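This report describes the architecture, nonpolar regions and aromatic contacts of a protein model. The structure is shown first, and a short account follows under separate headings.

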Amino acid sequence: MKKQHVNARLICQVSAAAALVLAGNAMAADAFSSDSKWMTGDWGGERTKLIEQGIDIKADYVGEVGGNLNGGYNDDKTARYADQFGLGVALDLQKLWGWDNTQAKIQLTNRNGYNISNDRVGDPRAGTLSSSQEVYGRGHMVRLTQLWIQHQFFDNKLDVKAGYFGEGEDFNTFPCDFQNLAFCGSQVGNWATNIWYNWPVSQAAIRVKYNINDELYAQIGAYNQNPSQLEHGNGFKLSGSGTKGTVLPVELVWSPKVNSLPGEYRVGYYKSTADADDVREDVNGFDAATTGDAYKTHSSKSGYWFVAQQQLTSHNGDASRGLNIAANATFHDKDTNFIDNYQSVMFVYKGPFDARPKDDVGIGAARIHVNDDVKKNAELLNASNGVSDYDNPVFSPIRETEYNYEINYGFHVTNWLTVRPNLQYITHPGGVDEVDNALVAGLKIQSTF
């Protein structure tokens, strides 16, 4: 009896512990629970059931504030707010319909708001090269950002993705935890003028990837280059009307472990088959700003990139915490591209404090250089117009090099909310020496519904 009593008591204790765990899990899945992955919770378990069936509903929000504290083109202090809502669904078609190794995704985005860089930080005649609010841009409208299907062949060696999506999803990819555009996302898309469209714009595309081994893969893509998809009201355009050519990126990606810590290294090249205007010469090889003749047309434009990300340390043996370094560099066609080169370096420490193990602190510096022929073209244009005074409305600002710096702290408020205050310093906004260096205060909010 004594043994039975002990066993019964043990069973009761285990049952009580299990009940507490289950209750904790249930609470973690409630709406607004700090432990839930989603703000709206697990919908009474229905969300997890849908994922197990192959339907993962995704909803998210990014909001960014930028305020000019000092300097810039216009030091009349104000703040601007821009944001993006996203709604989509990722589908595991093997679970849904028995299609082996097949996935699909549909994603809509809606952007709104205003950017402090447009008229406070930068001279409106020249703008800025980067942006203090990266989420701003591509119109106040709803866009179809992703509509694709993906399948793996030959024991997952070959991966093919086709549909509507952007180059930056697969090529020159980079996270977006900073607020300044120079440290966020695919940088080729920021500087390859008018050909490479980053999120939220999509194009008809196909991407083929081959996994050489567990650490190395190569990929190639073809993306329809259609400027009309940038136009307001064309967020759901699926036709090919307005097509100018094709963007062809290729990339080699290596993901080694260095001292058991993850890294990723990318090298790539792109070519656009669309016609591109020369930034300086006319059809006869002379300076177009002087002759007034049409700019020479080139049959293509190209460039290449490097991306490196490496975790350098762990924190007391915890690999989810520690110091990470990242660097980006892009180089572009000097005949046709406004920006000819860009470089950046970033340091991020994840989990800096034991009391805040999921927070992070980041610092970054970036250099964006305007093509020397663009500078020369502006000088010749001013001479042709007989203007030399920067304050003359007709004057074309001379642009050279812009530097961007950002320091931020990411408060992991809950598993579904990160709030990231930041300070940015922009030297020579727009690459224009006459514009005062600018100090911008920012706040980035990232939430998953």
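Is Phe 395 buried or exposed? Phe 395 is buried, with a relative accessible area of 8%.

## Overall architecture

The model is predicted. Its secondary structure comes to 7 helices and 19 strands. The C-alpha trace spans about 105 × 50 × 45 Å along the principal axes. Of the 449 residues of the protein, 46% count as buried.

## Nonpolar cores

The largest nonpolar core has 29 residues. Within this core, the residues with the most contacts are Trp 196, Tyr 270, Trp 305 and Ile 368. Two or more residues each are given to this core by α5 (187-191), β13, β15 (339-350) and β16 (360-370). Among the contributing elements, β15 gives the most, with 4 residues.

The elements that give two or more residues to the patch are β8 (245-254), β10 (261-272) and β13 (301-311).

## Aromatic pairs and charge–ring contacts

A pair of aromatic rings is described by the distance of the centres and the angle of the planes. The structure holds 17 aromatic pairs. One of them joins Phe 153 and Phe 154, with 6.2 Å from centre to centre and 45° between the planes, and this pair is tilted. Phe 153 is partly exposed at 35% relative accessible area, whereas Phe 154 counts as exposed at 63%.

The rings of Tyr 390 and Phe 395 also form a pair, with centres 5.9 Å apart. Why is this pair edge-to-face? The planes of the two rings stand at 70°, and an angle over 60 degrees counts as edge-to-face, so the pair falls in that class.

Elsewhere, ring pairs link Phe 165, Phe 171 and Tyr 223 into a cluster. The charged end of Lys 161 sits over the ring of Phe 165, 4.4 Å from its centre. The charged end of Lys 161 also sits over the ring of Trp 148, at 4.6 Å from the centre of that ring.

## Backbone features

A cis peptide bond joins Trp 199 and Pro 200, with omega at about 10°. Pro 200 is placed in the loop between α5 and β6 (203-211). Asn 194 is likewise in the loop between α5 and β6. Although Asn 194 is not a glycine, its phi is positive, at about 65°. Asn 194 is exposed, with a relative accessible area of 56%.

Phe 154 provides another case of positive phi in a residue other than glycine, with a value near 55°. Phe 154 lies in the loop between β4 (142-153) and β5 (158-165).

Definitions and conventions: Residues numbered from 1 in each chain as written. Predicted model: local features only at pLDDT ≥ 70, side-chain atom pairs only at ≥ 80, totals over all residues. Heavy atoms only, no water. Core = buried A, V, L, I, M, F, W, Y, C linked by side-chain atoms within 4.5 Å. Buried < 20%, exposed > 50% of the residue type's maximum accessible area, 1.4 Å probe, protein only. Phe/Tyr/Trp six-rings, centres within 6.5 Å; stacked < 30°, edge-to-face > 60°. Lys NZ or Arg CZ within 6 Å of the ring centre and 35° of its normal.
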